[in-house]
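Visitor: Could you walk me through this one?
Guide: Gladly; ask away as we go.

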Amino acid sequence: MPEFLVGHFFYWFVFLLMAIGLFGIVLKRNLIKKVIGMSIFQVAIILFFVASASKWGGTVPVLDPKLGVSDASRYINPLPHCLMLTAIVVSVATSGVAFALIISIWRRYKTLDEPELLARMKNDPD
Amino acid sequence: MNPAGVFSSLIPLWAVLVSLAAVPLILLSSRRPNLREFWTLAAGLVKFGLVLSLLPAALRGQTAAADLFEVVPGVRLALRADPLGVFFALVASGLWILTSCYSIGYMRGLKEHKQTRYFAFFAVCLSATMGIAFAANLVTFILFYEILTIATYPLVIHKETPEAVRAGRKYLAFTLSAGVLLIAAAVWTYQITGGDLSFRPGGLLAGTDLAARTAVPLFLLFLGGVGVKSSIMPLHSWLPAAMVAPTPVSALLHAVAVVKAGVFGMIRVTAFVFGPDLLRRFGLDTVLIVITVTTILLGSLLALRQDNLKRRLAYSTISHLSYIILAAALLSGPALVAGLLHLAFHATMKITLFFCAGAIAVSLSRENVSQLNGVGRVMPWTMAAFTIGALGLSGLPPIDGFVSKWYLGAAAVGGSRPWLAGVLVLSGLLNAAYLFPIVQRAFFRRGVGLEGRREASAWMVVPLVLTALLSLALGIYPNIFFDLARRAAAGIFGGF
Amino acid sequence: MIPTNAPALTPLLFLFTGLLIPLAAFKFRRLAYWLALSATAAASAVALSNIFRVLDGRAIHYRFGGWPPPIGIEYVLDPLSAFVTSVINVIALIVLIHARRTVEADLPQGKRVPYYALVMLMMSGFNGIVMTGDFFNLYVFLEICSLALYGLVAVGDRKSPVAAFRYLVLGMIGGCFYLLGVGFLYMSSGSLNMADLKAILLVLGPRPGVIVALAFMLLGFGLKMALFPLHGWLPDAYTYAPTATSSLMAPIGTKIGAYGLIRVLFFVFGLQFITQTVPVATVIAWLSAAAILYGSIQAMAQDEMKRMLAFSSVAQVGYIGLGIGLANAWGLVGALLHVLNHGLMKACLFLVAGNFRMKLGHSRISRLDQEARRRMPWTTAAFTLAALSMIGLPPTVGFFSKWYLAWGSIRNGSWVFLAVILVSSLLNAVYFFRVVERLYLKPADRPPEAEKSGAAARVRSEVGASMLVPTLVLAAALLVVGLLNAFIVKGVLLKILPPGLAGMNP
Amino acid sequence: MTRNEDNPIITLISSMVAPFIMLFGLYVIFHGHYSPGGGFQGGTLLAASIILLRLALGSELGKKQFPSRWGTPLGSLGVLIYFGTGLAALLLGGTFLNYAFLPFSPQASHNRYWGILSIEIGVGLAVMAVLVAIYDDLLEGEPRA
């Protein structure tokens with residue numbers, strides 16, 4: 001059991017981050033804080049991928065003349081990093097859209113507090 | 001009806017399509033009522049002619065088949081004018097012509113609104129009825145069955161009063177639920193037979209080894225599906241409600257086309273899907289007999305209590321429809337012949353009665369039985385026709401109702417259930433009890449407020465006299481229908 | 001050129017147009033719409049012709065950048081992807097024809113060009129999702145179309161940014177769950193290529209990592225396709241989005257989730273895995289059954305037509321999910337046919353709602369009456385036909401989806417599902433006839449002034465041809481596709497089914 | 001953001017640093033195809049330099065250098081460069097983005113080299129433009145700082 005816990009430590013770390021993110025998304029009343037929660041959530045997954053690529057004794061996956069190309073096991077897997085580059089772009093875009101939405105919500109309802117927002121929406125005829 | 005007797009022909013298809021083709025014409029000529037009614041009548045005549053042209057082959061036991069295309073893998077959209085189908089089509093299309101004439105008089109007499117919509121949907125209904133008559137398999141049957149359901153709805157709510165809207169909702173609630181059950185039953189059958197849904201004399205499921213726990217629920221699903229339109233007893237209450245529709249609708253659809261489509265479906269289910277053997281094996285025929293006997297007696301009793309003439313006739317219809325189902329449930333050739341005869345003959349008689357009710361409503365604005373005192377004096381033709389219909393429904397010779405009831409009684413006695421003959425006699429008495437007082441009031445009581453009232457227009461009186469004469473004529477000379485019914489029954493039960 | 005590049009053509013075409021529109025509109029503002037329309041038309045043509053390319057059952061593989069899979073990204077044109085792209089592109093084409101006037105009415109001048117650019121990006125995303133054979137690439141396209149959709153929703157009513165924000169939060173979570181699933185899958189197998197993974201998973205069997213991956217991926221797709229109980233974003237988004245967006249989203253958007261489910265469940269994990277090893281199919285089926293009932297019941301309570309249609313979409317997605325969850329041939333055929341059918345029906349209904357909004361200024365059911373019908377007889381007729389189809393009356397398409405789904409249920413002996421399917425058609429009847437009845441029978445509250453002056457009472461103010469024709473085309477398609485469904489089923493859908501599915505023969 | 005004081009240190013330092021950031025961004029872009037770096041990173045650096053100027057000098061002055069209406073078209077253009085490279089490969093007989101088919105040189109390996117470079121340039125341009133556009137759009141309509 002301890003080996004299981006320790007051996008999978010990065011899972012726990014990632015899940016902790018995800019839980020924090022979800023906590024922010026679900027329970028925080030302020031929309032900005034929700035977006036922060038979203039970012040944490042996305043970062044957790046990005047870290048999960050990056051961590052999955054690492055290994056003991058591996059180095060940066062950039063061609064190192066000293067190591068050559070024959071022994072691929074000396075490099076860590078570059079693929080997850082590439083994937084996460086895209087995921088980061090996605091998360092930037094998502095946050096950008098989220099902030100844009102928040103701004104237009106603010107302009108219309110002058111509040112970012114969710115319960116307050118819902119109350120004002122209810123009083124708002126279409 | 002052996003496969004050799006099947007020949008390919010598009011006439012059944014045209015018979016279905018002709019009134020559908022009339023719909024756009026009717027809609028386009030909405031501003032010119034005479035032209036519009038011409039289209040209706042023309043379509044009716046052409047349709048009747050087409051059905052008549054199928055008659056000789058059907059009398060020889062041959063079947064005209066129009067295979068179109070596949071709608072569900074393994075099942076084609078197909079029409080087959082087998083003797084049974086031609087029988088039903090003949091009744092419906094023949095009476096449509098008379099009803100159309102009558103409708104013209106009725107709608108104009110009452111200056112009804114939205115007549116174009118009325119005639120258009122009436123034509124759609126007739127198409128659907130033909131489709132039901134000629135459907136070669138369950139999918140085609142369901143297709144037209146549901147079209148009929150929907151096309152009748154605008155006719156039921158024609159008056160657009162709150163009462164009519166309520167009746168329409170009730171009608172839809174019943175019929176759509178029934179459609180759903182029918183679909184379930186069809187899909188289940190499809191699964192059991194492995195993709196075959198063709199109606200087959202003697203039973204589509206006859207060859208399969210169904211267990212009781214499949215057969216009984218399946219039959220109940222079918223019963224629910226076709227039982228609503230044929231208004232067997234717990235499922236009947238939409239029919240009296242639907243009497244808010246204009247009288248020609250009640251006359252043709254709620255005495256002939258729609259309800260008989262349900263009954264016809266019941267015959268298809270019992271004789272062509274399940275088959276006599278299967279029904280007997282699981283005792284399902286007894287179930288059916290119990291239901292129908294209850295419906296016959298209760299329907300008649302309830303009819304006694306109705307003061308509204310059309311509602312009284314509606315309960316009478318409920319009880320008479322069950323005669324036909326009872327005949328089908330007896331699972332013998334003679335019984336089926338009797339049932340089919342009743343299908344045709346009840347149509348002629350009941351349509352007469354409804355026509356009379358409509359004529360009274362138009363010229364006197366009276367709808368209740370208690371208001372009919374002395375009506376016979378001012379509307380002699382109408383009430384004479386009514387009398388013929390009433391006599392026939394009670395089963396007195398020489399009206400055609402006697403013929404069918406006689407055969408039914410004979411079949412019941414000839415089968416193993418002679419007590420059913422007693423039921424028939426009892427219900428005949430009840431029929432007399434709720435119809436004769438009307439005749440008696442009309443002719444032998446003094447009415448008030450009838451001065452200056454006359455018969456309705458000739459558009460209405462002529463059709464109702466014709467249907468009354470037809471009832472009389474068929475009572476004396478029922479041979480064509482008899483032969484056709486024998487053909488149909490012989491296909492299922494073998495010669496007899 | 002086209003045959004060899006067929007798989008990549010539609011996503012690239014939309015991407016290209018999406019990029020071209022802002023540049024071209026720098027000078028010619030009006031060009032944006034026509035560029036979008038012609039791109040969609042071209043894509044529809046390509047997609048339809050693609051169907052015939054793969055009818056022999058062989059998939060066309062396309063290697064991006066020439067890299068061989070499993071390292072490179074592969075696009076696969078097989079019958080499933082050909083069918084789904086055809087459906088979404090053709091429906092998008094019809095909706096876009098309709099959209100010109102509603103976009104002009106709904107959006108200020110300055111937002112129209114970006115709007116069409118976003119529509120193109122969204123379509124690119126949809127096509128990419130369907131065509132790609134790579135799980136991570138699928139994620140990228142999923143996010144492309146989601147991002148475009150957030151924007152497309154947010155330009156609607158006053159409340160739309162809030163709806164879009166909620167959609168964004170849930171869509172983001174869905175995307176992340178999917179990505180997490182992909183991560184687990186990659187860690188367990190070392191591959192992201194679907195075909196490759198299929199082979200690997202056969203060897204790997206039900207390892208914990210694989211099961212967790214499947215669960216997360218399903219959660220992700222469920223959120224994106226609004227499968228009950230993950231549908232929370234959908235009603236608001238559909239209601240407050242501009243007409244053009246909701247009529248694109250409703251018929252197309254949810255289908256993508258359905259496609260994802262089918263692809264992952266049947267073509268990667270395989271039948272054995274999802275029915276026996278880890279019976280997720282059963283879970284999906286039960287959730288879908290709940291969705292059908294929940295969506296239908298909610299729809300009855302709605303007053304705003306778009307909102308009613310939104311809840312009805314939740315229910316209809318349930319049909320598709322149910323067909324998938326049945327995990328037999330006819331259930332899946334029903335689901336696939338319903339992808340097409342629901343696309344047609346919902347597009348038609350949303351176009352009708354758009355027509356009402358255009359001419360009456362609202363689409364509130366409680367304010368509809370005969371007056372609306374008198375003014376817009378064709379729109380009303382289209383609505384009625386679509387309503388009949390939603391109820392499932394023959395010969396409209398709705399009947400046949402129900403037929404196959406009911407058959408699939410019976411084959412599995414799942415009587416509960418059969419009952420759900422049948423009961424739901426009655427529920428549909430209740431909430432659609434409510435509207436139809438109003439349109440035809442409810443007397444106008446305020447008799448129009450013109451009524452008294454005779455001839456003028458018959459004033460029609462039907463929408464213009466560019467809006468009416470697409471609506472009617474869709475309505476007619478409901479009948480035509482319904483009658484010809486056996487050709488589609490036998491010609492295309494049966495070829496889609498993965499091998500080994502139970503009950504292939506009728 | 002609400003305090004509008006000209007702080008000479010900030011103005012001066014950021015004006016001096018910005019060109020270097022930009023230069024470094026270009027370096028990262030142009031070396032992306034054979035060393036760590038590339039369009040994404042370089043584009044971000046370029047955007048950072050522009051946004052830095054906007055932050056430090058205020059929107060009005062900052063936009064002289066890069067008007068915000070350029071954002072979307074330049075972004076589109078950037079992706080179109082990327083897309084065009086891929087399309088060229090497709091039109092010249094390869095699959096989309098198969099650089100070996102590009103017409104830069106008869107040698108396939110050189111073609112890959114140039115192909116990736118053009119891709120990186122496109123991506124860099126797009127990332128820069130889009131990030132600046134996001135910044136500008138979010139600021140749009142704010143009361144002037």
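Visitor: What pLDDT does chain A average, and which of the elements of chain A has the highest mean?
Guide: Do keep in mind that this is a predicted model. Chain A averages a pLDDT of 85, and 98% of the residues score at least 70. Among the elements of chain A, helix α1 (residues 2–7) has the lowest mean pLDDT, 74, while the highest, 91, belongs to helix α3 (residues 31–53) of chain A.

Visitor: Is A:K110 buried or exposed?
Guide: A:K110 sits in the loop between α4 (79–109) and α5 (114–122) of chain A. The residue is not a glycine, yet it has a positive phi of about 55 degrees. A:K110 has 10 C-beta neighbours inside 10 Å, so it counts as exposed.

Visitor: And B:S231, is that one buried or exposed?
Guide: B:S231 belongs to the loop between α7 (212–227) and α8 (238–241) of chain B. B:S231 has a positive phi of about 45 degrees although it is not a glycine. Since 29 C-beta neighbours lie inside 10 Å, B:S231 counts as buried.

Visitor: Which element gives the most to the side of chain B that touches chain C?
Guide: Here 24 residues of chain B are in contact with 25 residues of chain C. On the chain B side, β2 (63–72), α5 (138–156) and α6 (162–193) each supply at least two residues. The residues of that side divide into 16 nonpolar, 5 polar and 3 charged. With 11 residues, the element that gives the most is α6(B).

Visitor: How are α3(B) and α13(B) oriented to each other, roughly parallel or roughly antiparallel?
Guide: Helix α3 (residues 83–110) and helix α13 (residues 333–364) of chain B pack with their axes 11 Å apart, at an angle of about 0 degrees. The contact includes B:F87, B:F88 and B:Y102 of α3(B), and B:L340, B:A347 and B:F355 of α13(B). Its residues divide into 14 nonpolar, 2 polar and no charged. Angles under 35 degrees count as roughly parallel, and α3(B) and α13(B) are therefore roughly parallel.

Visitor: What radius of gyration does chain C have?
Guide: Chain C has 21 helices and 2 strands, and its C-alpha atoms fill a box of roughly 80 × 60 × 40 Å along the principal axes. Of its 506 residues, 65% count as buried. Because a compact globule with 506 residues would have a radius of gyration near 23 Å, the value for chain C agrees: 22 Å.

Conventions. Residues are numbered from 1 along each chain as its sequence is written. Chains are lettered from A and ligands numbered from 1 in the order in which they are written. This is a predicted model: local features need pLDDT of at least 70, side-chain atom pairs count only at pLDDT 80 or more; totals for chains, interfaces and linings use all residues. Two residues are in contact if their C-beta atoms, placed from the backbone, lie within 7 Å. Helices (H or I, at least four residues) and strands (E, at least two) are DSSP runs, numbered from the N terminus. Ala, Val, Leu, Ile, Met, Phe, Trp, Tyr, Cys and Pro count as nonpolar, Asp, Glu, Lys and Arg as charged, and the others, Gly among them, as polar. Axes are lines fitted to C-alpha atoms, for helices over the stretch in contact, and angles run from 0 to 180 degrees between N-to-C directions. Angles under 35 degrees count as roughly parallel, over 145 as roughly antiparallel, 65 to 115 as roughly perpendicular and the rest as oblique. pLDDT is the predictor's confidence in each residue, from 0 to 100. The radius of gyration is taken over C-alpha atoms; the globule rule is 2.2 Å times the number of residues to the power 0.38. A residue is buried if 20 or more other C-beta atoms lie within 10 Å of its own, exposed if 12 or fewer, and partly exposed in between; C-beta atoms are placed from the backbone.
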